[in-house]
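Let's take a walk through a protein chain. Have a look at the sequence and the 3D view first, then read on.

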Amino acid sequence: MKNIIYILIILISTNAFSQKKYLLEGTIDKSPIYLAFEDNESPTENTIYDVRYFYKNSLKDIVLSGEKTEKNFVFKFESNDKIIEKFELTQNPNNTFYGFWTDANGKKLSVKLQPFDIAGFLAKQKNSAFLKQ
């Protein structure tokens, strides 16, 4: 649990100087994930910076490249010009996201993300004996 808090703080701090920051939690199919990125919201710049996600059970950052068109976002992990993983997401007005994750073999899974409530998370952990160690 301590590791999750440290990673979330790092994700937030790496986004400290951007215009629009997203810290999201949700699932790829049934696997819990966290995804963070910053959007400069420029009408002329479609690149999304500092995109990273991790699976709750592994806590290992996976850094992605990103781009957007209006409310549609594409995040990719590439190796040797080959797409290994790709997120295709649409943003709803309430800042939830939905779409698909696809791997290099064409396996396609649904993705659902909502804003991460860090204040609520920290409040729940406040009295945790694990964190008091």
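## Charged partners

Which side chain meets Asp 61 in a salt bridge? Arg 52 does, at 3.0 Å from N to O. A salt bridge here is a side-chain nitrogen of Lys or Arg within 4 Å of a carboxyl oxygen of Asp or Glu. Arg 52 also pairs with Asp 50, at 3.1 Å. Through these shared partners, Asp 50, Arg 52 and Asp 61 are joined into one network.

The structure has three salt bridges, and one of them links Asp 39 and Lys 68 (3.1 Å, N to O). Asp 39 sits in strand 2 (residues 31-39) and Lys 68 in strand 4, so this pair ties together parts 29 residues apart in sequence. Both Asp 39 and Lys 68 are buried, where buried means under 20% relative accessible area, exposed over 50%, and partly exposed in between (1.4 Å probe, protein chains only).

## The model and its layout

This is a predicted model: local features need pLDDT of at least 70, side-chain atom pairs count only at pLDDT 80 or more, and totals for chains, interfaces and linings use all residues. Residues are numbered from 1 along each chain as its sequence is written, and side-chain values use heavy atoms, leaving out hydrogens and water.

The chain has two helices and eight strands; these are DSSP runs numbered from the N terminus, with helices (H or I) of at least four residues and strands (E) of at least two. Of its 133 residues, 35% count as buried.

## A stop at Ser 65

Ser 65 is in strand 4 (residues 62-69). With a relative accessible area of 35%, Ser 65 is partly exposed.
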